[in-house]
Amino acid sequence: MVKSYLKFEHSKTFGQICTASANVVWDPSGGDDSTARGGAGLAYVGANEDVLVWDVKKSERVGLWTVEDNTAVVTVICRSDTDPDVFAVGYDDGKIRIWDSRTATAIITFNGHKTAVTQLKFDKSGVRLASGSRDTDIILWDLVAEVGLYRLRGHKDQITAIVFLSRTTPGGDPEDDDDSDSFLLSTSKDALIKVWDLSTQHCIETHVTQTNGECWAMGLMRDGEGCITAGNDGELKVWAINESALTHEVGAQGQEQLKILHERGAIYRQGRDRPVAVNFHPQKDLIAIHGSEKAIELFRIRSENEIRKTLVRKRKRRKEKTGTTADAESGIDVADSKEDVEDMSTVAISDIFVPYVLVRTGGKVRSMDWNHLHGRAIRILVSTSNNQLELFDITGSDKKSQEAPDYSRTLSVDMPGHRSDVRCVALSSDDRMLATASHGSLKIWNTRTQSCLRTLDCGYALCMAFMPGDKIVVVGTREGTLEIFDIAASNLLDTINAHERDIWSLQVSPDGKSLVTGSADKSAKFWQFKVVQEEILGTNRKNARLTLVHSRTLKVADDILSVCFSPDERLLAVSTLDNTVKVFFVDSLKLFLTLYGHKLPVLSMDISYDSKLIVTSSADKNVRVWGLDFGDCHKAFFAHQDSILSVLFVPNNNDGNGHHFFSASKDKTMKYYDADKFEQIQKLDGHKGEIWAMAIAHSGEFLVSASHDKSIRIWQQTDEQIFLEEEREKELEELYENTLLTSLEKDEQQADADMEGVEATAAGKQTAQTLMAGEKIAEALEVGFEDLKIMQQYEQAKRGNPKTAPPPRDAVFLANNNISASTYVLNTFQKVPAASLQDALLVLSLSQLPALFTFLGLWAKEGRNIPLTCRILFFMLKTHQKHIVSSQALREALEETRDRLRQTLQKQKHDLGFNLAGLRVMGRRVRELGETDYVDESTWLDTEVTATRGTKRGFVTVA
């Protein structure tokens with residue numbers, strides 16, 4: 001009989017607040033508490049493969065956006081200004097998903113980039129999305145039709161910023177111009193800034209941005225009159241955008257003289273590190289610029305009056321310093337200095353942009369976002385690379401005073417995660433509590449709700465364990481101390497200087513009466529648990545306190561990396577730096593066995609429930625299973641692609657799995673093995689960084705792992721059975737798919753090389769999903785066309801003999817309630833996602849075009865899904881135009897389809913016209929009836945605000 005195993009599946013992820021791979025988007029008006037009631041809104045952040053929604057004030061996670069089969073990391077999040085509930089999220093596998101924040105579901109999935117998406121931007125209307133990637137391409141997507149419009153090529157390195165430019169028609173409002181966002185501005189690591197004309201899909205201007213090295217970020221001024229690019233050594237280049245050049249049509253007279261971008265000068269920030277972002281405040285004249293250091297620099301844009309006053313002051317000082325009357329002789333004095341600086345374009349950039357305040361953060365800044373609400377308060381939300389969100393309030397100083405504004409950190413989201421990597425994990429005896437420790441903090445979690453129960457300060461933790469009773473946790477640190485914590489009282493009971501160097505491992509004995517620690521000072525020490533009575537100062541009462549009493553010491557020749565008791569407490573295994581494992585008797589501490597075989601030090605080991613097997617994992621990427629009776633090596637596995645940091649047996653034999661073990665490695669994977677059959681049962685993928693620690697439940701029902709990606713994951717045992725043969729077949733299928741996709745990528749690269757110099761190309765990308773969709777369409781066309789012929793013959797025969805028996809049809813149609821071939825093929829097309837349809841159609845061969853055009857003609861005649869019919873028709877015409885024109889049969893089918901489409905569209909046009917006319921009549925009738933109770937909420941609110949606050953003072957922004 002074939003042996004089956006129970007499958008482990010990823011169940012929960014916690015401990016991550018935000019990851020350094022993605023930016024933060026802040027909605028100050030979101031959440032249950034409005035800002036008027038002191039709320040701080042919602043923060044949307046990337047957390048490995050998911051998007052988390054945090055209530056900033058409550059430090060609670062209120063939303064999780066996840067896709068079942070997605071393993072790619074979130075790299076960029078962008079919110080639509082037109083529809084605030086729509087978000088675009090880019091991933092490191094090149095996919096873009098459009099999310100609806102109300103339902104937390106992905107509406108559309110686009111797949112066009114080869115590598116990670118780095119930039120996303122919605123246009124003003126919210127129906128187009130521009131994306132930039134590490135593959136140097138920019139793709140424009142249509143959100144209504146759910147297709148990629150075109151791919152723009154020209155940059156030679158990763159895209160670092162993209163923004164839409166609005167074209168203002170003379171005497172018109174840019175808001176009313178339907179084609180206002182007809183230009184795109186992009187910067188890249190290749191130090192170039194490009195202006196793209198989206199109407200012609202060509203680059204019309206290119207400039208070198210930085211003096212030295214790459215261009216890392218760009219920000220567009222809120223009035224659209226200029227932009228700032230950021231490069232190395234703290235250099236910020238300011239560019240003016242000539243709006244008159246945007247309004248000229250391409251090819252107009254004098255176009256050669258009109259440049260859209262003009263360099264205005266450079267300013268320098270304090271930080272010299274690589275910049276990450278340049279963000280303009282949506283209402284105020286402020287700019288935030290930050291790199292990857294622990295600070296955000298804010299610059300202020302001076303008003304026109306301030307600039308004039310500054311220039312006057314400078315001229316006065318120059319006069320006083322030189323003591324000459326050169327200005328007076330030239331006919332210029334202080335009184336008419338305003339006329340001298342009437343042209344603001346000649347003013348030095350350093351006089352316009354001035355440093356405002358430097359905000360120091362609690363960690364290296366990854367991203368920031370402004371408060372977009374109207375109001376005097378300046379607030380910024382910062383996501384840092386050490387897994388926390390911080391909210392800063394900046395109190396603006398009086399412009400006349402020279403003092404820098406004050407800022408304060410008012411709120412933070414930091415409790416639900418560690419600041420640094422979790423180095424060790426431990427489960428309580430009832431598996432209800434989980435302890436995790438990192439450099440500086442120890443956290444206790446509820447394994448069922450994943451909520452953080454306690455947070456305690458500790459040293460640099462390397463190992464830990466729950467004491468019997470689960471009320472006390474002991475932590476071994478890099479400093480060589482043992483720290484004993486009382487969880488219930490949330491305090492540190494005792495700190496014992498146990499060793500001179502790092503304590504790499506500790507374990508509580510199976511009888512629960514003692515503890516053994518292994519250290520880099522070449523000794524393993526045994527500690528007895530003892531309750532001592534301490535006198536309370538100033539009273540006669542005594543207080544009981546638990547402490548550890550040193551009882552024995554085991555000295556070895558090398559540093560100890562791991563220690564492990566056998567469950568029967570007869571043996572103690574010790575791994576040392578000389579690549580061996582030594583097994584001692586616990587009672588006499590005499591050497592019993594020495595296990596040789598690993599080529600590098602053994603980092604972890606565990607002994608099975610029956611004390612018969614020991615499994616060891618090493619930095620040589622191998623796992624070895626040994627017998628504890630004679631010390632013979634049963635099997636050596638080449639288990640992982642990097643050092644194996646942890647290995648654990650299932651602690652009981654309830655399901656006959658007592659000899660099964662897990663291994664966790666720096667290669668970001670965990671594996672499940674059978675030590676009796678020497679077979680790999682399962683591979684557990686999910687972590688995005690090195691897996692530092694692992695713990696298995698005493699019941700054996702779940703597994704906990706902690707990684708460099710700041711996440712703690714629970715893997716639950718399910719009732720689903722897996723068979724080794726099926727797992728091997730799945731692995732082979734995955735390998736085949738990867739090989740197929742690699743060959744497709746090579747074909748695409750070859751096609752790209754053939755199209756060198758072409759700026760605009762198709763936005764498609766072949767994937768396993770599009771290939772499968774194409775195969776399904778081809779199969780449906782083949783089956784449907786055959787059935788169509790059979791049914792036509794049957795109809796002809798029926799005219800001659802009404803009693804003719806119906807012919808036998810394909811089982812597919814009978815299974816679908818005996819539907820017609822036309823309906824079946826249309827349903828197959830409708831099941832293909834709109835974003836993948838064009839790539840799926842490319843899979844069809846030329847021989848299948850007659851069948852496809854036959855069905856297109858039928859759908860046009862029946863008036864079925866005309867938008868889809870037209871999309872398929874136009875795409876196939878564009879793709880196979882030469883072949884269709886040269887074929888007489890296809891031309892005839894095409895002309896027939898055209899006539900049918902015209903009739904159907906004419907009918908639909910008539911219906912639309914009739915409905916519009918009816919609506920106009922109803923509108924006129926409503927107006928005639930007089931005043932209505934309908935109130936336009938947005939207009940009414942604006943009127944109310946103006947009436948209560950009065951007219952707001954206007955400011956002039958200088959580019």
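## Close-up views of a predicted model

**View 1. Surroundings of N657 in the predicted model.** N657 touches V650, N652, Y672 and Q717, when residues up to four places away in sequence are not counted. The model shown here and in the views that follow is predicted. N657 is found in the loop between the strands β48 (644-649) and β49 (660-665), and with a relative accessibility of 4% it counts as buried, because buried means under 20%. The C-alpha atoms of N657 and L6 are separated by 9.4 Å, although these two residues are 651 residues apart along the chain.

**View 2. The protein as a whole, as a setting for the close-ups.** The protein has 15 helices and 55 strands, and buried residues make up 50% of its 959 residues. Among contacts between residues at least 6 apart in sequence, 51% join residues that are at least 24 apart. The protein exposes about 46900 Å², and carbon and sulfur atoms supply 49% of that area.

View 3. Not counting residues up to four places away in sequence, F829 touches I777, L837, L841, L852, W859, L868 and I872.

**View 4. Helix α11 and its cover.** Helix α11 is mostly covered, with ten of its 14 residues buried. The buried residues of α11 are L849, A851, L852, F853, F855, L856, G857, L858, W859 and A860, and they pack against α7, α9, α12, α13 (881-886) and α14. At 1.5 Å a residue, the 14 residues of α11 should span 20 Å, and the C-alpha atoms at its ends are 20 Å apart, which agrees. After α11 comes G863, a residue whose phi is positive, near 70°.

**View 5. L877 in helix α12.** L877 lies in helix α12, and its relative accessibility of 24% makes it count as partly exposed. Leaving aside its neighbours within four places in sequence, L877 is in contact with I884 and L894. L877 and L894 are 17 residues apart along the chain, and their C-alpha atoms are separated by 9.5 Å.

**View 6. A nonpolar patch on the surface.** Together, L916, L919 and M922 form a nonpolar patch on the surface, with about 330 Å² of accessible area. L919 lies in helix α14 and is exposed, with a relative accessible area of 56%. An α-helix has 3.6 residues a turn, so residues three or four places apart point the same way.

**View 7. The salt bridge between D787 and R809.** In the salt bridge that D787 forms with R809, the closest N and O atoms are 2.8 Å apart. D787 lies in helix α7, whereas R809 lies in the loop between α7 and α8 (811-815), so the pair ties together parts that are 22 residues apart in sequence. Both residues of this pair, D787 and R809, are buried.

**View 8. Further salt bridges.** The structure holds 29 salt bridges, and a few are described in this legend. R128 forms a salt bridge with D123, where the closest N and O atoms are 3.2 Å apart, and both R128 and D123 are buried. The side chains of D578 and K582 also meet in a salt bridge, with a distance of 3.2 Å from N to O. Of these two residues, D578 counts as partly exposed, at 31% relative accessibility, whereas K582 is buried, with a relative accessible area of 17%. K7, E9 and E720 are linked in a network of salt bridges.

Key
Residues numbered from 1 in each chain as written. Predicted model: local features only at pLDDT ≥ 70, side-chain atom pairs only at ≥ 80, totals over all residues. Heavy atoms only, no water. Contact = heavy atoms within 4.5 Å. Patch = residues over 30% accessible without salt bridge, like charges linked within 9 Å, V, L, I, M, F, W, Y side chains within 5 Å. Areas by Shrake-Rupley, 256 points an atom, 1.4 Å probe, with all protein chains shown as cover. Salt bridge = Lys/Arg side-chain N within 4 Å of Asp/Glu carboxyl O. Helix = DSSP H or I, 4+ residues; strand = E, 2+ residues; numbered from the N terminus. Buried < 20%, exposed > 50% of the residue type's maximum accessible area, 1.4 Å probe, protein only. Expected span 1.5 Å × (residues − 1).
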